[in-house]
Amino acid sequence: MPREEEPSNNERAFILEAFQQDIRLDGRGLESYRNINLSFGDDHGVADVQLGKTRVLARISASLTAPFADRKFDGIFTITTELSPMASPAFEVGRQTETETILSRLLEVALRRSSALSTESLCLLAGSKVWSLTATCHILSHDGNLLDSCCIAVLAALQHYRIPDTTVRGEEVLVHSVEERNPVPLAMLHHPLCVTMALFEGGDKVVVDATLREQQCCEGEVVVTANKHGEICQIAKLGGVPSDALVLLHCVDIAVAKAKELDTVIATALERDATKRDVGGLMAELSAENAR
């Protein structure tokens, strides 16, 4: 099985010595993210996130299906990840790595189990017809912090996606085309965002948005999922050195602040895309909101 290229002893020592002086190789502060470039495709529900040299493409798709027998009033929402050799030589097609397993589980807890999306709104006919939504994350380039990149991409894609409008007549469900009716946004309950922090020097140094080299040199990682309201959805300690409770509380404080910043980045990108699609100000004319 292929392995990732590991840093040499000299490279590792150089990175660790730089952290002792609160210096990172790319010049960032310890609690700073790399530049985030978020863009959307021509179709609704396609988000492209570039976090430094890490790049993730998320795509949302929907289809009609029958609900689960024990969840007759809920639609279905699933998240899948695809790590190909194009992103890193350590990834193989058709063979799930430990990285992909951890990534899928953390995304599942952060976005699906935290009820970021209202699955009840996806129900059309109880026990018969519901929307099945699938968010697929394609890892295009891997330079560390895949979890945060995937979380931003999926959350942005969900907010950007428009699901076809429907009409229910008895037991029949009529799905309207784009020409007949405008698709409608998804019902999002809140916007949880993952913030991954690498630990150094026994937890005394907390580093946000570690690159691949920094992740390979760290002593452990802490993932905190929070929304802009300061609500904590998940705390995960991914092995490594034992951490003091005060270190975890410090990580939570950092994550809450960073979640607000990331939410603003997504909102700004969505507004920019909406403005680009609103040719001639047509949406303002069609808006039902009055000026009173």
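Helices (H or I, at least four residues) and strands (E, at least two) are DSSP runs, numbered from the N terminus. By this count the chain has six helices and 14 strands. The model is predicted: local features need pLDDT of at least 70, side-chain atom pairs count only at pLDDT 80 or more, and totals for chains, interfaces and linings use all residues. Residues are numbered from 1 along each chain as its sequence is written, and side-chain values use heavy atoms, with hydrogens and water left out.

**Exercise 1. Overall dimensions**

Task: Compare the radius of gyration of the chain with that of a compact globule of 292 residues.

Solution. 
1. The radius of gyration is taken over C-alpha atoms, and the globule rule is 2.2 Å times the number of residues to the power 0.38.
2. For 292 residues the rule gives a value near 19 Å; the chain has 21 Å, which agrees.
3. Along the principal axes, the C-alpha atoms fill a box of roughly 70 × 45 × 35 Å.
4. Of the 292 residues, 45% count as buried. Buried means under 20% relative accessible area, exposed over 50%, and partly exposed in between (1.4 Å probe, protein chains only).
5. A contact means heavy atoms within 4.5 Å. Among contacts between residues at least 6 apart in sequence, 70% join residues at least 24 apart.

**Exercise 2. Helix spans**

Task: Check the end-to-end distances of helix α5 and helix α1 against 1.5 Å a residue.

Solution. 
1. The expected span is 1.5 Å times one less than the number of residues.
2. Helix α5 (residues 245-277) has 33 residues and should span 48 Å; its end C-alpha atoms are 48 Å apart, which agrees.
3. Helix α1 (residues 9-20) has 12 residues and reaches 17 Å between its first and last C-alpha, close to the expected 16 Å.
4. At the start of α5, a side-chain oxygen of D244 comes within 3.0 Å of the backbone nitrogen of L246. This falls under the polar contact rule: a pair of N or O atoms within 3.5 Å, where within protein one must be able to donate a hydrogen and the other to accept it, and residues adjacent in sequence count only if both atoms are side-chain atoms.

**Exercise 3. The two faces of α1**

Task: Determine which residues of α1 are buried and what they pack against.

Solution. 
1. The buried residues are I15, A18 and F19.
2. They cover an arc of only 100° around the axis, which puts them on the same side of α1. The arc is that of the directions from the helix axis to the C-beta atoms.
3. The buried residues pack against β11 (193-200), β12 (205-208) and α4 (212-217).
4. On the face turned away from the buried side are the exposed residues N9, N10 and Q20.

**Exercise 4. Positive phi and a buried arginine**

Task: Locate N145 and D209, and describe the surroundings of R24.

Solution. 
1. Most residues other than glycine have a negative phi.
2. N145 has a positive phi near 55°. It is found in the loop between β6 (129-141) and α3 (146-160) and is buried, at 1% relative accessible area.
3. D209 has a positive phi of about 55°. It is found in the loop between β12 and α4 and counts as buried at 0% relative accessibility.
4. R24, in the loop between α1 and β1 (36-40), counts as buried at 2% relative accessibility.
5. The side chain of R24 reaches the backbone oxygen of L30 at 3.4 Å.
6. Leaving out residues up to four places away in sequence, R24 touches residues including F19, V208, D209 and E214.
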